[in-house]
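Please read the following note with the model open before you. The points start with the backbone and then turn to the ligand and its pocket.

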Amino acid sequence: MCKIGVLVSGRGTNLQALLDAQNEGNLGGEVVLVVSNRSGAKGLERARAAGIKTEVLTRLHYPDKDEYDAKLIEVLIENNIDLVVLAGFMRILTERFILAFENKIINIHPSLLPAFKGVRAQWQAVDYGVKISGCTTHFVDRDIDAGPIIMQRAVPVASDDDGDSLAERILEHEHEILVESVRLFCENRLEIRGRKVIIKE
Ligand code: GRF
């Protein structure tokens with residue numbers, strides 16, 4: 001069984017989608033650990049309510065980025081994590097971390113990459129005036145929001161959308177493609193060939 005570690009910083013609705021799928025027997029793996037860099041993250045409450053082990057690692061404990069990531073790697077290895085999911089984790093990981101879990105880190109991003117990388121992607125999309133945005137799951141590599149794409153979902157932008165309304169509509173799709181991408185990973189059906197991710201039958 002694929003052991004999943006989820007990293008969160010905030011409300012944790014993507015984490016919740018994974019936990020719900022797991023409860024329904026649809027995840028193909030098991031979330032065994034949730035780590036947050038913020039002690040007040042709602043995602044931690046969700047994990048505790050589901051009886052899942054949690055860890056809080058803040059920058060107060062480890063102000064140095066390398067030491068922070070070394071500790072994070074240690075915690076994940078101790079828990080035999082096969083897949084790391086970034087579900088709204090608002091920290092940039094060091095190269096050391098990315099190499100330690102090469103091709104084993106999945107991120108969810110609320111735009112159709114490579115458009116609107118970085119924070120507040122839904123607000124960026126509204127400000128730019130695009131007619132279609134969406135969400136992307138991808139493997140994490142050294143560059144931010146740039147690793148090989150696993151799944152994408154298009155979401156139309158309405159003329160009266162603001163960032164909040166668009167974010168809310170995209171979120172539902174995030175939950176679906178994140179669960180599906182994790183399941184495909186756990187079923188060993190994702191093959192990375194250069195920039196492309198092949199979904200095997
Ligand atoms: C999501 O929009 C995700 O795409 C982005 O941060 C948000 C996290 O939401 N990276 P939640 O904490 O999963 O509710």
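1. Pro 114 belongs to the loop between S5 and H5; helices (H or I, at least four residues) and strands (E, at least two) are DSSP runs, numbered from the N terminus. The peptide bond that leads from Leu 113 to Pro 114 is cis, and its omega is near 15°.

2. The model is predicted, with local features needing pLDDT of at least 70 and side-chain atom pairs counting only at pLDDT 80 or more, while totals for chains, interfaces and linings use all residues. Residues are numbered from 1 along each chain as its sequence is written, and side-chain values use heavy atoms, with hydrogens and water left out.

3. Asn 103 sits in the loop between helix H4 (95–100) and S5. Its phi is near 60°, a positive value in a residue other than glycine.

4. Which residues surround the ligand? They are Arg 11, Gly 12, Thr 13, Asn 14, Gly 88, Ile 108, Pro 110, Gln 122 and Glu 174, where near means that a heavy atom of the residue lies within 4 Å. By class, this shell holds two nonpolar, five polar and two charged residues; Ala, Val, Leu, Ile, Met, Phe, Trp, Tyr, Cys and Pro count as nonpolar, Asp, Glu, Lys and Arg as charged, and the others, Gly among them, as polar.

5. Polar contacts are pairs of N or O atoms within 3.5 Å. A side-chain N or O atom of Thr 13 is 2.6 Å from an oxygen atom of the ligand. For Glu 174, a polar side-chain atom lies 2.7 Å from a ligand oxygen atom. The protein covers 86% of the 360 Å² of accessible area that the ligand has on its own (Shrake-Rupley method, 1.4 Å probe).

6. The ligand takes the space of the largest pocket, and a molecule sits in a pocket if more than half of its atoms lie within 2 Å of its grid points. A pocket is an open set of points on a 1 Å grid over the protein atoms alone, where a 1.4 Å probe fits, with protein on both sides within 12 Å along at least five of seven lines; lining residues have an atom within 4 Å of a point. The lining has 37 residues, and Gly 88, Phe 89, Met 90, Asn 107 and Ile 108 lie nearest the centre of this pocket. H6 gives the largest share of the lining, four residues.

Conventions. Polar contact = N/O pair within 3.5 Å; in protein donor to acceptor, adjacent residues only side chain to side chain.
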